[in-house]
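Here are a few notes to read alongside the model.

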Amino acid sequence: MELNNLRPAVGSVTRKTRIGRGPGSGKGGTSTRGHKGAKSRSGYSHKVGFEGGQMPLQRRLPKFGFKNINRVEYKAINIGVLDALAEARNLEKIGLEELRAAGFINRKQLVKILGEGTLTRKLEVEANAFSKSAEKAIVEAGGSITKI
């Protein structure tokens, strides 16, 4: 095999079907559009969701729910994760910068510390929100919390 005799696999390359080029092509006459009707004519475009006059799905189903525009979304991080991070990086203070550096959050996210897991060391924790159980666990371990 050499560069001058490379060929695509048999059947992998097909020519574009030329529609509307006479009866001999087998695709002439109506040009595969069938007979009459809006779809056979030039300039046809259907409306999004149109189902041929049948009541469209988005109108058959009832409306429900709403989006609260005042919702504040937090990234949840457990104290067990904080403990592992502090142990791995030998930290006494964990804030948003440390969490960003570890890849837990991006610069736009707010953080809420939750109480799952155990805390074995004294930590100063800085976050946007704390659950009651996380607050209690951090203080019991001898640490302190700071709400931003």
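A polar contact here is a pair of N or O atoms within 3.5 Å; inside the protein, one of the two must be able to donate a hydrogen and the other to accept it. Please keep in mind that this is a predicted model.

1. Let us begin with N128. The side chain of N128 reaches the backbone nitrogen of V111 at 2.8 Å, so the pair falls within the 3.5 Å limit for a polar contact. N128 itself sits in the loop that joins strand 4 (124–127) to strand 5 (129–130).

2. Is N128 buried or exposed? Its relative accessible area is 17%, and N128 counts as buried because the cut-off is under 20%. Neighbours within four places in sequence aside, the residues in contact with N128 are Y74, L96, L110, V111 and I148.

3. Three strands make up an open sheet in the order 1-3-5, with parallel pairing. Strand 1 (74–78) and strand 5 are the edge strands, each pairing on one side only.

4. Between strand 1 and strand 3 (residues 110–114) there are five bridges, in the parallel sense. Within this part of the sheet, N78 stands opposite L114 of strand 3. Helix 2 (residues 79–89) lies across strand 1 and strand 3, and runs at about 65 degrees to strand 1.

5. How many salt bridges does the structure hold? There are six. One of them joins E73 to R71, with the closest N and O atoms 3.2 Å apart. Both E73 and R71 are exposed.

6. A further salt bridge brings together the side chains of K93 and E126, at 3.8 Å from N to O. This pair links distant parts of the chain: K93 belongs to strand 2 (residues 93–94) and E126 to strand 4, 33 residues apart. K93 has a relative accessibility of 39% and counts as partly exposed; E126, with a relative accessible area of 26%, is partly exposed as well.

7. The last pair in this note is K147 and E135, which form a salt bridge with the closest N and O atoms 3.9 Å apart. Here too the link is between distant parts of the chain, with K147 in strand 6 (residues 144–147) and E135 in helix 4 (residues 132–140), twelve residues apart. K147 is exposed, at a relative accessible area of 54%, whereas E135 is partly exposed, at 29%.

Terms used. Residues numbered from 1 in each chain as written. Predicted model: local features only at pLDDT ≥ 70, side-chain atom pairs only at ≥ 80, totals over all residues. Heavy atoms only, no water. Helix = DSSP H or I, 4+ residues; strand = E, 2+ residues; numbered from the N terminus. Buried < 20%, exposed > 50% of the residue type's maximum accessible area, 1.4 Å probe, protein only. Contact = heavy atoms within 4.5 Å. Pairing = 2+ DSSP bridges. Axes fitted to C-alpha atoms, helices over the stretch in contact; angles between N-to-C directions. Salt bridge = Lys/Arg side-chain N within 4 Å of Asp/Glu carboxyl O.
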